Amino acid sequence: MKKVLAMLLTGALAVAVAGCGGGDKKQAAAKPDTSKPLVIKLSHVFQPSEQLWKSMQLVTDRIREKTKGRIDIQHFGQGQIATYKDGLEQVAQGADFISVEDPSYVGDYVPDFRPLVGPMMYESYDEYIKMIETPLVQDMIKKAEEKGIKILALDYIFGFRNLEVNKVIKTPEDLKGMKLRVPGSKLFIDTINAMGATATGMPYSETLSAVSAKTVDGLEGSEFSNDGTKAYEVCKNVATTKHFLGTCGVYISPKTWAKMTPEEQKIVAEEFKFGGKEMTEIIKKDYDRTYKHLLEMGVKFNDVDHAAFNKAVEKVYIDMEEKQGATKGISKKMHEEVAKIRASLKK
Ligand code: G3P
């Protein structure tokens with residue numbers, strides 16, 4: 001009897017699986033409806049004075065032009081619509097939405113993205129650019145797509161992130177008792193806490209008034225954001241910890257992607273890829289001007305005890321593997337990969 005039941009169940013399962021397969025095939029064969037524009041919202045937190053905002057404007061305009069208005073990506077900056085973790089969630093849930101955020105938010109879905117952009121990992125932009133081309137990272141990109149996040153770029157670089165405060169910070173000890181604003185990414189919160197301060201997660205739009213009101217003692221951000229948003233008006237000291245490389249990725253749902261023809265996908269993929277390279281080149285060229293301007297605005301830069309901060313953030317990497325689901329041994333592997341890249345770039 002048990003055997004008959006098992007046979008019946010196997011048969012029923014086979015029919016169900018065959019049914020699913022047929023459905024998938026039908027879905028894959030469904031043609032995108034090109035009779036009307038595909039409207040997609042693109043969201044980030046940057047201001048019109050910052051390069052990322054300008055780059056997104058360029059990329060979305062070029063896509064609209066090259067697809068003759070069919071792919072209409074509407075650009076929202078300054079956190080006007082869902083950003084940070086919430087922006088990524090829109091994508092993961094399949095909305096017609098492009099989220100432009102730090103790769104650490106992808107870590108909520110594929111935890112290995114946290115060590116990829118972990119503290120003190122990179123010394124130059126090129127190290128990171130080479131790192132994201134490695135099979136290790138390309139594999140992570142595939143895993144993200146399986147989780148509903150298609151990655152169109154990871155390299156909209158906007159400079160190394162430092163501590164912007166109103167006193168000289170050289171060691172983790174100097175940060176004791178200080179509250180610093182960070183974006184609400186777990187990686188950022190854990191890192192700033194490990195570095196010795198108390199991290200306060202807050203959208204950038206509220207940050208400068210929070211510093212003025214002394215709700216927080218400062219923030220962590222890049223030279224370019226410092227200049228673009230005029231953070232220098234409220235923070236006069238920059239401790240050059242370079243604890244993160246400021247970079248954004250571009251994320252879209254595979255469901256939205258399937259609404260484009262192969263030709264449209266090619267245009268969108270190429271334009272976002274080109275836009276990242278273009279932005280990084282602009283940022284590299286603009287570094288000296290930005291630095292000089294910040295000095296003119298009265299900002300004082302100081303070097304820090306990098307060894308002490310490196311030691312302090314070790315536990316962030318341990319936690320990623322022990323408590324946050326990152327692959328065992330991934331941090332060591334990534335550090336070794338970056339060390340190899342660093343050596344090859346120095347040749
Ligand atoms: O995800 C974007 C993030 O990296 C931007 O940081 O400090 O401008 O909010 P922030």
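Begin by selecting G118, M120, M121, Y122, F160, K242, H243, F244 and L245, the residues that line the second largest cavity. The structure on display is a predicted model. The space inside this second largest cavity amounts to about 30 Å³. Next, colour the strand β8, which supplies four residues, the largest share of the lining of the second largest cavity. If the lining is coloured by class, six residues are nonpolar, two are polar and one is charged.

Now widen the view to the whole structure. How many cavities of 30 Å³ or more does a search find? The search finds two. The largest cavity has a volume of about 210 Å³. Select V45, F46, Y84, F158 and R161: of the 20 residues that line the largest cavity, these are the closest to its centre. To see which elements give two or more residues to this lining, highlight β3 (97–101), β4 (150–165), β7 (218–222) and β8 (237–252). Colouring the lining of the largest cavity by class gives ten nonpolar, five polar and five charged residues.

The next item to select is the ligand. Where is the ligand found? The space that the ligand takes is the largest cavity. Display the residues that surround the ligand: V45, F46, Y84, E101, D102, Y105, F158, R161, R181, P183, Y204 and C248. In this shell, eight residues are nonpolar, none is polar and four are charged.

- **E101:** select the side chain, in which an N or O atom is 2.5 Å from an oxygen atom of the ligand.
- **R181:** return to side chains, where a polar atom of R181 lies 2.8 Å from an oxygen atom of the ligand.

Finally, display the surface of the ligand. How much of the area that the ligand exposes when taken alone does the protein bury? Taken alone, the ligand exposes 300 Å², and the protein buries 98% of that area.

Key
Residues numbered from 1 in each chain as written. Predicted model: local features only at pLDDT ≥ 70, side-chain atom pairs only at ≥ 80, totals over all residues. Heavy atoms only, no water. 1 Å grid on protein atoms, 1.4 Å probe; cavity = no way out; pocket = protein on both sides within 12 Å on 5 of 7 lines; lining within 4 Å. Points joined across faces, edges and corners; volume = space filled by probe spheres on them. Nonpolar A, V, L, I, M, F, W, Y, C, P; charged D, E, K, R; others polar. Near = heavy atom within 4 Å. Polar contact = N/O pair within 3.5 Å; in protein donor to acceptor, adjacent residues only side chain to side chain. Areas by Shrake-Rupley, 256 points an atom, 1.4 Å probe, with all protein chains shown as cover. Sits in = over half its atoms within 2 Å of the grid points.
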